[in-house]
Amino acid sequence: MDFSKYQQKIASLLLWSLICILIGIFSGSASALLLFSLDWVTRLFTVHKMLFWLLPIGGLAIGLLYHYLGNESYKGNNLLLMAYENPETRVPLRMGFLVFLGTLITHLLGGSAGREGTAVQMGGAIAYQFNKIKKISKKESQILILLGISAGFASVFGTPLAGAIFALEIVCFKRINLKSILSVFLVAFIANYTVDLWQIEHSVYYIFEIPNITFKTLLWVLVAGLLFGLTAMLYSKSAHYWNRLFSVTFPFAPWRPLVGGSFLVILFYCFDMTRYTGLGLPVIAESFTTTSLPKDFLLKIIITGITLGSGFKGGEVTPLFFIGATLGSALSLVVPLPVSLLAGMGFVALLSGATHTPIACTLMGIELFGIEAGLFLCIACSMAYFCSGSTGIYTSQLRIGLKYTLYAFCLKKIRLLRGI
C-alpha cells in the first residue's frame, strides 16, 4: 500500500481547509470593518447633509486614485468574473483597498451606492492572493475567486446560504465540482460567523402578513414579478447608459466623477433628493410598513445610475433592495397583497432580475424573511429573472442557461413569423 499518496491527499486537504478558514476570517473581518465604517460615515452625513457640496471634489479624488493606482481595479466585480474565466487575469490586492476607500468617500458625501460590490471585491482580492502558494493549481485558482465572492456576499448581508449559492450561480455553475461547492459553503459560514464575532449587526426586515395561497394570490404574485423584472431591466440599462455616456464624453477618467458629482449637487440642491442618498436603509425599512411614493424607485434608479456610472464606488445590490422594496410597497396601491409582502418580494426579485441569480435571491429572501414566505419569494424571483432581459448589471457575466435558451427560441420564432 502506497502511504505517500494518502499523505499527499491529507496534506492537500489540510492546506485547502486552512486556506478556506483564512479567507473566511480575513474577508469577514474586512466586511465587518466596512459595515462599521459605513455606519459611521452615514451617521456623519445624516448630521451634516451639507457635505454633499463636496461630492465633485470627492469624485475627483476617487477618479485620480483609480487612474494612477488602480490599473484594472476599476472593473470591479467584472474583473473577478474575468479572472474566473481566464486564470491568467490578475486580481490585485490594491483593488480591495481602493474600493474600500472609494466607497467610504462616496457615502460620506451622499452618493447613492451600496456595499455588496465593495465586500465582494475585497473578498475576491484577499482570496486571489493565495494564488502565490506554489501548490495552488489553475482549477483551484478559479475556486479562490468563488471563495472571495461567497465570503464577501455572505458576510456583508448575513446570509451564508445565499452567499454560497450566489458565488456558484453568478458563474452559471460553470466548472463546478464537489470541492468548489463544499469550499464556498464553508467559507460563507466562516465569514458570516466572523462578522458576528466582531459584534456587527445586520439590517433586519420583516414580512408582517402572509396571505393564504390561492390561484388569485399567485396570479398577482406573477404580475408583481413581471413588473419587478421589467424594472430590473430598466435599472441595468440605465446603469450601462450612464457608464457609456460618461466614458464617451470624458475620455480622461478622473473628470467623470467630478462632473457626475457636480450634477448630483445640482439635483440635491434644487430638488432636495437627499432621501435617495447613501444606502437608504431607513427608507427600505419604512417601505415594509408604509406605502412608498411611486416616484421613489424611479428617482433612486436615476441617482444611483449617475453616482456609479460616473465613477463613484460602492455596490449596486443595496440600491436594488431600495428600488425593489419601494416599488413593491407602492404596488400595494393597486395590487391586493400585503404591503410588507410586496416590499419583501421586490427586495429580492429586483436583485434576481439584475444579477440573473434567482436561486440565490430566493434563498436570501428565506434567510431574511423566513420560510413562510418562500413560495411567494420563489415565484417573484423566478418571474423577475425571466422578464429582466438578457443584460444584467455585470457585463462579464456569461449568458447561458434556460433563460437564454428560451430567449433564443422565441427570437427564432419571431424571425420566422416575420419572414412569412
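Biologist: Which residues line the largest cavity?

Modeller: Happy to! This is a predicted model, so local features need pLDDT of at least 70 and side-chain atom pairs pLDDT 80 or more, while totals for chains, interfaces and linings use all residues. Residues are numbered from 1 along each chain, and side-chain values use heavy atoms, without hydrogens and water.

The lining consists of Arg 115, Val 156, Phe 157, His 202, Ser 203, Tyr 205, Leu 281, Phe 321, Phe 347 and Leu 368 (a cavity is a set of points on a 1 Å grid where a 1.4 Å probe fits but cannot get out; lining residues have an atom within 4 Å of a point). Seven of these lining residues are nonpolar, two are polar and one is charged. The volume of this largest cavity is about 90 Å³ (the space filled by probe spheres set on the points), and the model has four cavities of 30 Å³ or more.

For the second largest cavity, the volume is about 70 Å³. Around it sit Asn 77, Leu 80, Leu 81, Glu 116, Val 120, Ile 149, Phe 166, Ile 170 and Tyr 394. Helices H3 (77-85), H5 (116-128) and H7 (160-170) each give two or more residues to that lining (helices are DSSP runs, H or I, of at least four residues). H3 supplies the largest share, three residues.

Conventions:
On a 1 Å grid over the protein atoms alone, a cavity is a set of points where a 1.4 Å probe fits but cannot get out, and a pocket is an open set with protein on both sides within 12 Å along at least five of seven lines; lining residues have an atom within 4 Å of a point. Ala, Val, Leu, Ile, Met, Phe, Trp, Tyr, Cys and Pro count as nonpolar, Asp, Glu, Lys and Arg as charged, and the others, Gly among them, as polar.
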